[in-house]
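I opened this notebook page to look up the pockets of one model. The entries follow in the order in which I checked them.

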Amino acid sequence: MIEDIFFQDDGQVRITAASVGISRLRWTSVREEEIAIGKHIDLMTRNKFDHLPIEPAVGSIVEFYKTKEANKFDTIERHKIKFDDLISLDTNIRDVIEKFAKNNRTFYFLRYHINISGLITLGNLNCKQVQIYIFSLICGLERELGEYVNSKLSNHEIKEWVEKNADIKISNDKYRLILEKYKELTEISLENQLTEHFFLVDFFLIILENNIFDNLGYTKSEWKKLSSINELRKRIAHPTRSLLDKENNIDKLQKRITQIEDLTYRLSTLKKNSMS
């Protein structure tokens, strides 16, 4: 199967549906002749699968089993594969996430031309490749936020803000450590921007407390709501935590990605216009 090369993508450059999903060469399926003995029920119950492809004796895959309710295996239904159940295996992961959220889907079969070549489910989004994708978005946002803060506030003003928030009585206080590191680098002539030591949440706080969010077209209440992006940042910082769970569903993930993209766009556009 030539298209299987897409499933070997480790996601370092471009994250696609195939690099997140499961290739037909490696997925679990049930053969048509095994259905009579209830093999599909056993496979789905034992593996906690909500979806199971049916491999026909001859020809292409055209059917699958699906639980009526997620994680409940008492009612399993047989379905024909429709065009709406398919996406191209080279679909960008950003578009995959949007499709899941917009269409309220839990799975898609992956196609290569007209051939079904794999499967992607919501559960597959809790993987390294999607974390890499989101981490790259957040890194880009943090760079833009750093440049924005440094363009609006002097290094002295930024230092005063850090000092105001530092608790010198606590040895591992975040802001105290930032000041100590900055002083250390200054003493050996390697001084840099204080913002290089900031966490994502620090950028949201310093912009809020210095009232420099309006340049970006946000009201105060809108800017405060944007800080929820940091919740996504914390999940990425702890790879063992799932991106999606009961409290953090696909809609919330989609919304936060859109917020990151919108804020990054506003920051980069403002920077570009100020340079022209």
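Which element gives the most to the lining of the largest pocket? I found that S4 does, with 4 residues.

On the source, I noted that this is a predicted model, in which local features need pLDDT of at least 70, side-chain atom pairs count only at pLDDT 80 or more, and totals for chains, interfaces and linings use all residues. Residues are numbered from 1 along each chain as its sequence is written, and side-chain values use heavy atoms, with hydrogens and water left out.

Largest pocket. I took a pocket as an open set of points on a 1 Å grid over the protein atoms alone, where a 1.4 Å probe fits and protein lies on both sides within 12 Å along at least five of seven lines, and lining residues as those with an atom within 4 Å of a point. I read a space of about 770 Å³, the volume being what is filled by probe spheres set on the points, which are joined across faces, edges and corners. The lining has 33 residues, and Asp50, His51, Thr106, Leu122 and Gly123 lie nearest the centre. Strands S3 (51–55), S4 (63–69) and S8 (115–121) are the elements that give two or more residues to this lining; strands are DSSP runs (E, at least two residues) and helices are runs of H or I of at least four, numbered from the N terminus. By class I listed 11 nonpolar, 13 polar and 9 charged residues, with Ala, Val, Leu, Ile, Met, Phe, Trp, Tyr, Cys and Pro as nonpolar, Asp, Glu, Lys and Arg as charged, and the others, Gly among them, as polar.

Second largest pocket. I read a volume of about 150 Å³, and H4 gives the most to the lining, with 5 residues.
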